[in-house]
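Reader: I would like to learn how to read a model like this one, feature by feature. Please take my questions in turn.

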Amino acid sequence: SLSGGNQIVQLAENGKDDDDDEEEWEEVEEEVEVEEVVEREPITVKSVAQQVPTLVQNTPVLKNGLIFAGGLLATTFLWSCFQVYKKYTTPRAKRKRTVSKNRLIVDTLDAFLPSKRTSLNPGELRKLSRTTGFSPDLVFRKYLRYLLDQRPFDPDAVSDVLVLRAACGLTDEQIKEVLRESAKRGFERTGILMISPTGMTAEGLLKKAGGRALFSKLMYFSDMEELLPSGGRDELQLEILEIFGATSEDYETLRIKTLSEADTAALEALMGRREGDGDTWLEAADAEDKENDNDEDSDEKNK
C-alpha cells in the first residue's frame, strides 16, 4: 500500500511538471507572436529619423562625415554671402542704384510738375526722401539738374522751381549753394565760357553752346527775387561769373530778359537740342555709367 501511495505521488508530480511545460510553451509562443508583430511594423520616415541619432553616434565614420559636410556647407554659404555683398558694394552697383533713384525722383516729380504742382507739398517730398534716402536739398539739386538739362526753360519750368523750393523747405543759403554747385559742375563739363568760339570741332562747338545756355539759366535764377528774397543776388552772380570765367559784357550778351516762346526756342537751339529729342538726362547718365564701366573692365583686363 505504501508503494501504491508513492506511485500516486509520482504521478501527481509528473502531472504538475507537464502543466509547467505547457505554461512555458505558451509563454514562448506569445513572445514569438510579439516579435513577429514588431518585425511586421512598416518602415516610416519617422521611425528611420528616430534611429538616425543612435546610428550616427555609434558610427564614428558617419559622424565625422556629417561634421565635414556641415562645415563645407556652412563655408560655401558664407562665401556666397560674401560674394553677394562684394558685388552689391562695387562702384558699378552703386552707380546703378543711384541712377535708379534719380529716375524715381524725376518720374515722381514729373507727375506733379507742372500739371499738378499745387498738390506738391512737404509731405510728398518727405515720402520721396525716405524712399530714395536723399535729403530734401539733394532731391532739389537732382531735379534742378534735370530741369536745366532737359526741360524747356519757360515760365512753367521757373514756376516749378519755386514750388519745389517751397516743398523742400530750403533756405536762401541752400539755394545759393545749389546754384554754385550747378555752375561748378557745368564748368567742369563745358570749360570756360566762350561767346564766339572759332577753330573748334562740331563736338566742341556743341559743348560750348551748352555751357553758354547753362550760364544764362543760372544767372537768371540768381537774379530772381522770388527765389532769393533775402538778397545777396548780386554777390551770387559775381561768383557764377567767376566760375565760368565770364565778364559782365558776356552776361549782357547772354542775359535772358524774358521767357517768351521765341526766347525759349532760341535758348534750346543754342544748346543744340530741339524739342522732341529722344535722349534724356537719365539716358545720358546711364550711357555715362556704361562708359565708365567699360573703362574699369579694360583696366582690370590690363592688370
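Reader: Which residues does Leu205 touch, not counting residues up to four places away in sequence?

Author: A contact here is a pair of heavy atoms within 4.5 Å. By that rule Leu205 touches Pro197 and Met200. Bear in mind that this is a predicted model.

Reader: Where does Leu205 lie, and is Leu205 buried, partly exposed or exposed?

Author: Leu205 sits in helix α9, which covers residues 202–222. Leu205 has a relative accessible area of 35%, so it counts as partly exposed.

Reader: How do α9 and α10 pack?

Author: Read the angle and the axis distance together. For α9 and α10 the angle is about 165° and the axes are 9 Å apart. Angles over 145 degrees count as roughly antiparallel, so α9 is roughly antiparallel to α10. On the α9 side the contact is made by Gly211, Leu214, Phe215, Leu218, Met219 and Ser222. On the α10 side the residues are Arg233, Leu236, Gln237, Ile240, Leu241 and Phe244. The crossing of α9 and α10 is right-handed.

Reader: At what angle do α8 and α10 pack?

Author: Helix α8 (residues 172–190) and helix α10 (residues 233–244) make an angle of about 15°, and their axes are 9 Å apart. Angles under 35 degrees count as roughly parallel, which means that α8 is roughly parallel to α10. This crossing of α8 and α10 is right-handed. Among the α8 residues that meet α10 are Leu179, Ala183 and Phe187, and the α10 residues include Leu236, Ile240 and Phe244.

Reader: Which side chain does the side chain of Asp160 join in a polar contact, and what else does Asp160 touch?

Author: The polar contact is with the side chain of Arg151, at 2.8 Å. Leaving out residues up to four places away in sequence, Asp160 touches Leu113, Pro114, Arg117 and Arg151.

Reader: What is the peptide bond from Leu113 to Pro114, cis or trans?

Author: Most peptide bonds are trans. The bond from Leu113 to Pro114 is cis, with omega near -5°. Pro114 belongs to the loop between α4 (91–110) and α5 (122–132).

Reader: How many helices and strands does the protein have?

Author: The secondary structure comes to 13 helices and zero strands. Of the 303 residues, 30% are buried. For contacts with a separation of 6 or more, 73% are between residues 24 or more positions apart.

Reader: What pLDDT does the protein average, and where does pLDDT stay under 50?

Author: The average is 76, and 64% of the residues score at least 70. One stretch under 50 is residues 274–280, for which the model has three contacts beyond four places in sequence. Another is residues 283–303, with pLDDT below 50 and eleven contacts in the model beyond near neighbours in sequence.

Conventions
Residues numbered from 1 in each chain as written. Predicted model: local features only at pLDDT ≥ 70, side-chain atom pairs only at ≥ 80, totals over all residues. Heavy atoms only, no water. Polar contact = N/O pair within 3.5 Å; in protein donor to acceptor, adjacent residues only side chain to side chain. pLDDT = per-residue confidence, 0-100. Axes fitted to C-alpha atoms, helices over the stretch in contact; angles between N-to-C directions. Helix = DSSP H or I, 4+ residues; strand = E, 2+ residues; numbered from the N terminus. Parallel < 35°, antiparallel > 145°, perpendicular 65-115°, else oblique. Left-handed = near helix turned anticlockwise from the far one by under 90°. Buried < 20%, exposed > 50% of the residue type's maximum accessible area, 1.4 Å probe, protein only.
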